[in-house]
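Biologist: Could you walk me through this fold? I'd like to learn how to read its sheet and one of its helices.

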Amino acid sequence: MADAKKELNRVMLSLYIILAIFAVCIVWAVYEAAVLGDYIMMIPGLVIGFMALVFGVPLIWLRNSERRVNLRVAVIVLQSERTAFSVLAGSVGCSDAEARNKVVWCLNNGYLPGYVISGQEVLLSKLMDPNLQEHAVECPNCGASFTYVGKIGQCPYCGDYYPPKK
Ligand SMILES: [Zn+2]
């Protein structure tokens, strides 16, 4: 199962690594200059450090920008049983239609297990009208697998009902 929160953390982690490279290079440069008094050897530390910052951060940020917003949408949806597209649109700053597209992306990529789109919102499929839902079950009597639509199903092999009658 795809985990939106973990994916988001991964993007943030790569940013922290860039910042760490920058910090190490600057410390190296300061060490060369201030402690060893070598102002020539200060230059590579400064150059590498700033290159990492100036090119690395935008590269990671821009390359993941679309994906990042999509993952944020997934994290918001997972917090509640049902979320209107208008609420998502307000949270991430896009139109309702764009919010819907982002939800579709999340569904297609497996970030929203158990969720479906219904009208103008995304909700847990178990909240949908049970009369319209298809259920896949294992017969408690004979163990056969079958599917049924509605509230009660009948096993095609042994004729038992599901859910079992009390
Ligand atoms: Zn059966």
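Biologist: Which residue of strand 3 does Ile117 stand opposite?

Modeller: Ile117 stands opposite Val122. Before going on, note that this is a predicted model, where local features need pLDDT of at least 70 and side-chain atom pairs count only at pLDDT 80 or more, while totals for chains, interfaces and linings use all residues. Residues are numbered from 1 along each chain as its sequence is written.

Biologist: How many bridges join strand 2 to strand 3?

Modeller: Strands are DSSP E runs of at least two residues, helices H or I runs of at least four, numbered from the N terminus. Two strands pair if DSSP finds at least two bridges between them. Here four bridges join strand 2 to strand 3 (residues 121–124), and the two run antiparallel.

Biologist: In what order do the strands sit?

Modeller: The order is 1-3-2, in an open, antiparallel sheet of three strands. Strand 1 (82–84) and strand 2 (115–118) each have a single partner strand, so one side of each lacks a neighbour in the sheet.

Biologist: Which residues of helix 5 are buried?

Modeller: A residue is buried with 20 or more other C-beta atoms within 10 Å of its own, exposed with 12 or fewer, and partly exposed in between; C-beta atoms are placed from the backbone. In helix 5, Ala99, Lys102, Val103 and Cys106 are buried.

Biologist: Why do they line one face of the helix?

Modeller: An α-helix has 3.6 residues a turn, so residues three or four places apart point the same way. In helix 5 the buried residues fall within an arc of 100 degrees (taken from the directions from the helix axis to the C-beta atoms), so they line one face. The face turned away from that buried side carries the exposed Ala97 and Asn108.
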